[in-house]
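Keep the sequence and the 3D view at hand as you read.

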Amino acid sequence: MPSTESIEERGHLLTEQANPQSQNLDQLSSLELVDLFNQQDQLTVTAIAAAREDLAAAIEIISGALAKKGRLFYIGAGTSGRLGVLDAVECPPTFCTPPELVQGILAGGASALLRSSEGLEDIAEDGARAIADHRITQLDVVVGITAGGTTPYVHGALDAARARGAKTIFIACVPEIQAPRPADVNIRLLTGPEILAGSTRLKAGTVTKMALNILSTGAMVKLGKVYGNRMVDVAVTNRKLEDRAVRILQDLTDLNREQAGQLLNASGQRVKLALLMHWSGLSLEAAEAQLLSHGGNLRQAMDALPQPPNLAQR
């Protein structure tokens with residue numbers, strides 16, 4: 001064990017401070033506990049609003065990189081890293097993206113998802129090695145996530161990513177003055193001290209999940225993975241998602257459920273392609289070519305066509 005002289009003092013960090021609203025936490029009833037959590041969780045929404053411009057800037061960087069064949073990486077340790085992995089693995093079923101497009105890197109690897117390995121966050125060299133192992137280039141974007149802003153693993157990774165020319169985004173729940181970090185975008189989500197002092201899986205974890213939802217969904221919207229507010233690139237991989245796909249077709253066309261199912265099958269279970277075929281009257285092959293020529297963006301593919309017979313139904 002290191003001596004106390006060698007341990008960095010972190011008590012000044014916002015995420016490590018004691019919350020005056022929960023000083024009697026161990027004396028509260030169950031209902032009072034729930035009410036306190038609910039009160040404190042309101043601060044996550046406020047924190048997101050305060051970071052709106054930085055979140056928007058990050059969406060622009062991410063969507064721009066992905067449009068140019070780059071990749072998005074989340075990297076972190078503990079709760080922060082697990083949240084990054086969670087957001088990454090949900091992109092393929094939601095947006096039909098290849099697994100390598102959005103990736104989560106967690107200190108300790110896959111085993112750390114199920115078993116705590118927080119000691120690994122102290123090794124900056126491991127973060128740098130992860131960047132090298134994933135062959136990150138100037139086309140990519142690396143989002144470093146660390147609630148307290150000081151995790152060496154994350155800083156090592158971001159330093160290595162910057163050296164390779166990649167864009168970097170930093171997410172932390174402490175002010176920049178407490179944990180400065182050079183990055184293309186600095187997102188600070190200030191939710192204040194936790195109800196349980198230092199337990200950043202609480203408000204800090206919640207607001208981080210909210211921010212990642214915004215970044216990935218916002219980027220996918222920019223890439224044309226969404227039409228209106230429908231996930232028209234949904235991967236039809238189970239009965240629930242097949243039902244969703246059929247309902248999307250029903251909602252956006254004049255088709256009944258049986259007809260929508262037939263159209264979905266005719267398109268090879270691809271909602272976006274099914275809509276283009278129905279609205280334009282194009283064959284499967286012609287619709288595929290039209291979508292491909294517009295980067296998979298359904299609205300752009302439709303707008304580039306002469307007035308199709310079913311256009312009024314859009």
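How many bridges pair S1 with strand S3 (residues 141-145), and in which sense? S1 and S3 are joined over five bridges, in the parallel sense. Two strands count as paired when DSSP finds at least two bridges between them. Strands here are DSSP runs of E with at least two residues, helices are runs of H or I with at least four residues, and both are numbered from the N terminus.

Before going on, note that this is a predicted model: local features need pLDDT of at least 70, side-chain atom pairs count only at pLDDT 80 or more, and totals for chains, interfaces and linings use all residues. Residues are numbered from 1 along each chain as its sequence is written, and side-chain values use heavy atoms, with hydrogens and water left out.

Back to the pairing of S1 with S3. Phe73 sits opposite Val142 of S3, and Ile75 has Gly144 of S3 as its bridge partner. S1 also pairs with strand S2 (residues 102-106), again through five bridges and in parallel; there Gly76 faces Leu106.

Zooming out, five strands make an open sheet with parallel pairing, in the order S2-S1-S3-S4-S5. S2 and strand S5 (185-188) are the edge strands, each pairing on one side only. From one strand to the next, the twist averages 15°; axes are lines fitted to C-alpha atoms, for helices over the stretch in contact, and angles run from 0 to 180 degrees between N-to-C directions.

Helices pack on this sheet too. Helix H2 (residues 52-67) touches S1, S3, S4 and S5, and its direction makes about 135° with that of S5. Helix H3 (residues 78-89) touches S1, S2 and S3, at about 160° to the direction of S2. Contact means heavy atoms within 4.5 Å.

Is S1 mostly covered or mostly open? Strand S1 (residues 72-76) is mostly covered, with five of its five residues buried. Buried means under 20% relative accessible area with a 1.4 Å probe, protein chains only; over 50% is exposed, and in between is partly exposed. In a regular strand, side chains alternate between the two faces of the sheet. In S1, Leu72, Tyr74 and Gly76 lie on one side, Phe73 and Ile75 on the other, and both faces are covered.

Now look at helix H6 (residues 152-163). Among the buried residues of H6 are Tyr153, Val154 and His155. Their cover includes S1, S2, helix H5 (124-133), S3 and strand S4 (167-172). Just after H6, Gly165 adopts a positive phi of about 90°.

Finally, consider the whole chain. The chain contains 12 helices and five strands, and 46% of its 314 residues count as buried. Its C-alpha atoms fill a box of roughly 75 × 50 × 35 Å, taken along the principal axes.
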